[in-house]
Amino acid sequence: MLEVGGTWTVFSLRGLQQRLDKARRAGAGGAAKGPHAVDATNVKRLDTTGALEILQLAGGAEAEVATGEKEHAELFEVVKANMVQPAAPRHVDFLAHWLGELGHDLVDLGKQIVSLCAFFGEIIVIFVEAFVSPKRFRIGAVVQQMFEVWVKALLIVGVLCFLIGVVIAYQGVQQLRQFGAETFTVEAVGIGMFRELGVLLTAIIVAGRSGSAFTAQIGTMQVNQEIDAMRTIGLNPIEWLVLPRILALVLSMPLLAFWGNMTGLLGGAVACTVYLDFTFVQFFDRLRDTVGIWHFYTGMIKAPVFGFIIAAIGCFEGLQVKGSAESVGQLTTRSVVESIFCVIVLDAVFSIIFLLANV
Amino acid sequence: MSGDEEDVPPGRTLEGGQLVDHRDGRDVVLKLRGVRTQFGDHVVHDKLDLDVFRGEVVGLVGGSGTGKSVLLRTILGLNPLRAGKIELLGTDTRSVHGRAERQLLSHIGVQFQDGALFSSLSVADNIILPIREHAGLDEGLMQSIAALKVALVGLPPDTGDKKPSELSGGMRKRASLARALALDPDMLFLDEPTAGLDPIGASHYDELIGQLRQSLGLTVLMVTHDLDSLHAVCDRIAVLLDKRVVVGTMEEMLAYDHPWVREYFHGPRGRAALKQA
């Protein structure tokens, strides 16, 4: 026989287990196994948690419960009808678990590669089709996206490139002065900005602000089933969402990179007037005389490629979103990391190509 | 005009928006007085009074855009209250902060329309979260509470381990109810609980609410458009009309003279539900 009384609610049960264990160790109760009868006539307040705990102490749903109040009896009935033993945690061998995870990851990677190929295939098909019927380029959407990824990025790209220009010039002056070659700072700023920094910095900013936005936008649409709705209406999400974003970024990246180059040079020129007593005219004269046009071209060639990669990865990861807000977050992170990684790897590849081409 | 109160068209009501006094000496669990909700220039509710008494189930109905969910959110403090006073479980919600606010919130449960389960947690962890935060019980007991609540709302036992994204819409609603019931609240707010459930599931849901109300002394305010639910579990019906509510039993509502109310309760669906009930 188990006698209970007083308040048995979710807020009153804290620490009950410890007190029970203590009492058991001290030798109280608990001789017979199996369901006990319960006398709950003295219970004042009861809720489902309390009823559950009493029944568990009594040994399960079969326990007979005598109650004082009708509500309590009903509550016990409700809890008895729904009591289930939570499944015991399964023990999994460490090695098996690790191998299982590895297998899953490999299969996922395989699937990812296949869907990536399908994705690029689809883009190419739509792109080619769009040449046949040019209205499928969705110029309105492209312009709208360009406003987002180009116009709205001008300020941040401009400011950061300007600062980098200043930093390079300052470092150039400091280091080259040791050899009395501080006028070469102009080449350092010009070549550095044109070939690498302008376009790379722009690409990283764009990956962070536009690539992530693409993933989050398309991913949220995926969660809200908007993409499914588009498909049922007969709108191809690649044509309506992906292609305009890719086109917008392919067009915007060179424009942004050019803007970045210019503000970078401006930053360099400002730094040179401060540290070298150059005038602006001297700076740009020397730039024209010493920095060949191909330094500029190499950067500009890279820009649209980076734009394509960032947009494609952003959209692709957005379409991979499954189900939840958590997935949107994960894939947005992945999209930014992957696009920056790809941009830098591609930059290295371009360096090799330009080296071989001798430009 | 003078002295003929009977002819004064809709709007003239007793205390708390009632048509006939049903208080019967019960506590007022939720008390709204002169509530005004406004978004920009758009006034959703104005001078709205509503009383909900202990142990009753009140169904909140109204046409689209009359602000049913908005009212629920205002009561819960998710919308700013522009004017008026809301007393929940005897506490003025405007003046409650910090510890007292947490205490108050641990005595209410809310089920949102689309579940609003935390997508990064399993269903069982969703249920345990409020218990761990407010009551802090043993892990083992909390697990069995979660299993109990999952069974209580009619979900299969393995649901506890699943993530919300793996559940169907109806199952998410049930899981959300299980989370709302986690702490055996005094007052439960339900936003369209039976919308999207199959008729069998919906009537089980109604039974469940009725059962819990009986055994736990639960007070429920539910936004619903399910006329069957209104018949089956609701003691009184609150209708949002002209930025205010009018509350009454089904019989009073059937007799109430207002074009929208008439159409709602006497329309083909209303009649069909009435016939069944």
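Trainee: Which hand does the crossing of H7(A) and H9(A) have?
Mentor: The crossing is right-handed. Keep in mind that this is a predicted model.

Trainee: Where do those two helices sit in the chain, and at what angle do they cross?
Mentor: Helix H7 of chain A covers residues 185-223, and helix H9 of chain A covers residues 237-275. Their axes come within 7 Å and cross at roughly 145°.

Trainee: What classes of residue make up that contact?
Mentor: The contact of H7(A) with H9(A) has 17 nonpolar residues, 9 polar ones and 1 charged one.

Trainee: Switching topic. How many residues does each chain put into the contact between A and B?
Mentor: Chain A gives 25 residues, and chain B gives 25 residues.

Trainee: Which helices of chain A supply at least two residues there?
Mentor: Helix H2 (48-58), helix H3 (70-82) and helix H12 (325-357) of chain A. The largest share on the chain A side is from H3(A), with 6 residues.

Trainee: And how does the chain A side divide by class?
Mentor: Into 11 nonpolar, 8 polar and 6 charged residues.

Trainee: Now chain B. How many helices and strands?
Mentor: Chain B has 10 helices and 10 strands.

Trainee: Why call it as compact as a globular protein of that length?
Mentor: The radius of gyration of chain B is 19 Å, close to the 19 Å from the globule rule for 277 residues, so chain B is as compact as a globular protein of that length.

Trainee: What share of chain B is buried?
Mentor: Of its 277 residues, 44% count as buried.

Trainee: What box do the C-alpha atoms of chain B fill?
Mentor: Roughly 70 × 45 × 40 Å, along the principal axes.

Conventions:
Residues numbered from 1 in each chain as written. Chains lettered and ligands numbered in written order. Predicted model: local features only at pLDDT ≥ 70, side-chain atom pairs only at ≥ 80, totals over all residues. Axes fitted to C-alpha atoms, helices over the stretch in contact; angles between N-to-C directions. Helix = DSSP H or I, 4+ residues; strand = E, 2+ residues; numbered from the N terminus. Left-handed = near helix turned anticlockwise from the far one by under 90°. Nonpolar A, V, L, I, M, F, W, Y, C, P; charged D, E, K, R; others polar. Contact = placed C-beta atoms within 7 Å. Rg over C-alpha atoms; globule rule 2.2 N^0.38 Å. Buried ≥ 20, exposed ≤ 12 C-beta atoms within 10 Å, placed from the backbone.
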